[in-house]
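Keep the structure in view as you read.

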Amino acid sequence: MSARAAVHARSLTKIFGDVIALEDVDLDVPAGQIHGLVGPNGAGKTTLLGLLLGLSVADKGTLEILGVPSGDVLSVAHGVAGFVDSPGSYPGLTARQNLTSLASLRGEVRASGDIDDLLDRVGLGEVADDTVRGFSLGMRQRLGLAAALLGKPRLLILDEPANGLDPVGKRQVHQVLTDLADSGATVILSSHRMDDLAALCDEVTLLATGRVVFSGPVSKLEAESGELDYRLVTSDPAEARRIAEEETSLTLVAGRKQAAGDKPALVVRGHEAEIDDLVRRLVGAGAAIRELGPVVPPLEAAFLALTGADDQELTR
Ligand SMILES: Nc1ncnc2c1ncn2[C@@H]1O[C@H](COP(=O)(O)OP(=O)(O)OP(=O)(O)O)[C@@H](O)[C@H]1O
């Protein structure tokens, strides 16, 4: 294994009774990377994050965290921090008191300026002295992130950290995680939002029913989408339909739902290069292109195709 690997896992398997939550999962995450875990509900993301955090032990397979093999005993590896499901906090204490007591519980003496700085970084500076009982889900997520950052981790594990965050909060959290990765630390996080992961992650691992169905750069995942359905609006719908029907490499998707009040649109299925050819022909025939774009974004389409969810959920 590379000396610079933050996580190196082979054939990780975790079974709960009759449920195989993870099956033969391999995961390689280089140091300094932001790595996303994505997959449908029940895919095994939280289970995998729990193994990385030392909250449970695999039934089979090997796991090395920051170069150290994980044993059979439940323990958080040195240099690792984070949360699964949702971060814990003391509701009767203020945000600042939560961080101060957590630091002293861990035997760390943190200057109050450090804690103020952390609270500012996660956007809680103005509510630092409010009790956590009144905090929203997004505020608790931010506090959980601050708590995880207290010990200056080299590997940060976060289960859906953007859960409940408004767009500003999401941007702040993305900035904190990007700064952390720039400083050489590694971040592994789960999300259901492909767009969030695409904006933040160097690489993603896609899980479906406990197995890895894709692992690699986001751009490569996008390429996995293959044929897509494109919605096309032109100045001459009849001519556009006639030309699209002539293009044997394309399929006209009949009966696809159009948004209410839409202009007349065609939905054509094909690869990007074939859509390019269609556009050239349409423009050559004098039809102006007014709108053209995939009905489902390429990343989402790849997610649906690789997890088999497109057959079940996208029946239009
Ligand atoms: N402690 C447990 N006992 C029994 N079954 C469990 C336990 N933890 C997880 N599972 C099962 O393992 C599978 C994977 O669950 P997991 O929570 O890891 O999925 P997930 O991808 O995080 O899902 P979600 O997106 O809904 O949070 C599910 O079928 C779940 O019901």
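Two strands pair if DSSP finds at least two bridges between them. Strand β11 (residues 228-234) and β14 clear that mark, pairing in the antiparallel sense over five bridges. Within this pair, V233 faces E291 of β14. Strand β14 covers residues 289-294 and is hardly covered: of its six residues, the count of buried ones is zero.

**The model as a whole**

This is a predicted model. The mean pLDDT of the protein chain is 87, and 91% of its residues reach 70 or more. Residues 312-316 fall below 50 in pLDDT, and this stretch has three contacts in the model beyond near neighbours in sequence. For the complex, the predictor gives an ipTM of 0.97 and a pTM of 0.83.

The protein chain holds 11 helices and 14 strands. Its C-alpha trace spans about 75 × 45 × 35 Å along the principal axes. Of the 316 residues in the chain, 37% are buried. Take the contacts between residues at least 6 apart in sequence: 70% of them join residues at least 24 apart.

**Two domains**

The chain divides into domain 1 (5-222) and domain 2 (224-313). The centres of domain 1 and domain 2, taken over C-alpha atoms, are 38 Å apart. Each domain gives 11 residues to the contact. On the side of domain 1 that touches domain 2, the elements giving two or more residues are α6 (194-200), β9 (203-208), β10 (211-217) and α7 (218-223). That side of domain 1 has nine nonpolar residues, one polar and one charged.

**An open sheet**

Four strands form an open sheet in the order β2-β1-β4-β5, with antiparallel pairing. Which strands stand at the edges? They are β2 and β5 (68-69), and each has a single partner strand, so one side of each is left without a neighbour in the sheet. Strands of a sheet pair through backbone hydrogen bonds, either parallel or antiparallel. Strand β1 (residues 5-16) joins β2 in the antiparallel sense over eight bridges. A9 stands opposite L27 in β2.

**Two residues with positive phi**

Most residues other than glycine have a negative phi. S11 has a positive phi although it is not a glycine, and L66, also a residue other than glycine, has a positive value too. The table sets them out.

| Residue | Phi | Place |

S11 has 14 C-beta neighbours inside 10 Å, so S11 counts as partly exposed. L66 has 17 C-beta neighbours inside 10 Å, so L66 counts as partly exposed.

**Around the ligand**

Which residues surround the ligand? They are F16, V19, A21, G39, N41, G42, A43, G44, K45, T46 and T47. Sorted by kind, the shell has four nonpolar residues, six polar and one charged. Both β2 (19-30) and α1 (45-53) supply at least two residues of this shell. The largest share, three residues, comes from α1.

Terms used: Residues are numbered from 1 along each chain as its sequence is written. This is a predicted model: local features need pLDDT of at least 70, side-chain atom pairs count only at pLDDT 80 or more; totals for chains, interfaces and linings use all residues. A residue is near a molecule or strand if its C-beta atom, placed from the backbone, lies within 6 Å of it. Ala, Val, Leu, Ile, Met, Phe, Trp, Tyr, Cys and Pro count as nonpolar, Asp, Glu, Lys and Arg as charged, and the others, Gly among them, as polar. Domain bounds come from an automatic or database domain assignment. Two residues are in contact if their C-beta atoms, placed from the backbone, lie within 7 Å. pLDDT is the predictor's confidence in each residue, from 0 to 100. A residue is buried if 20 or more other C-beta atoms lie within 10 Å of its own, exposed if 12 or fewer, and partly exposed in between; C-beta atoms are placed from the backbone.
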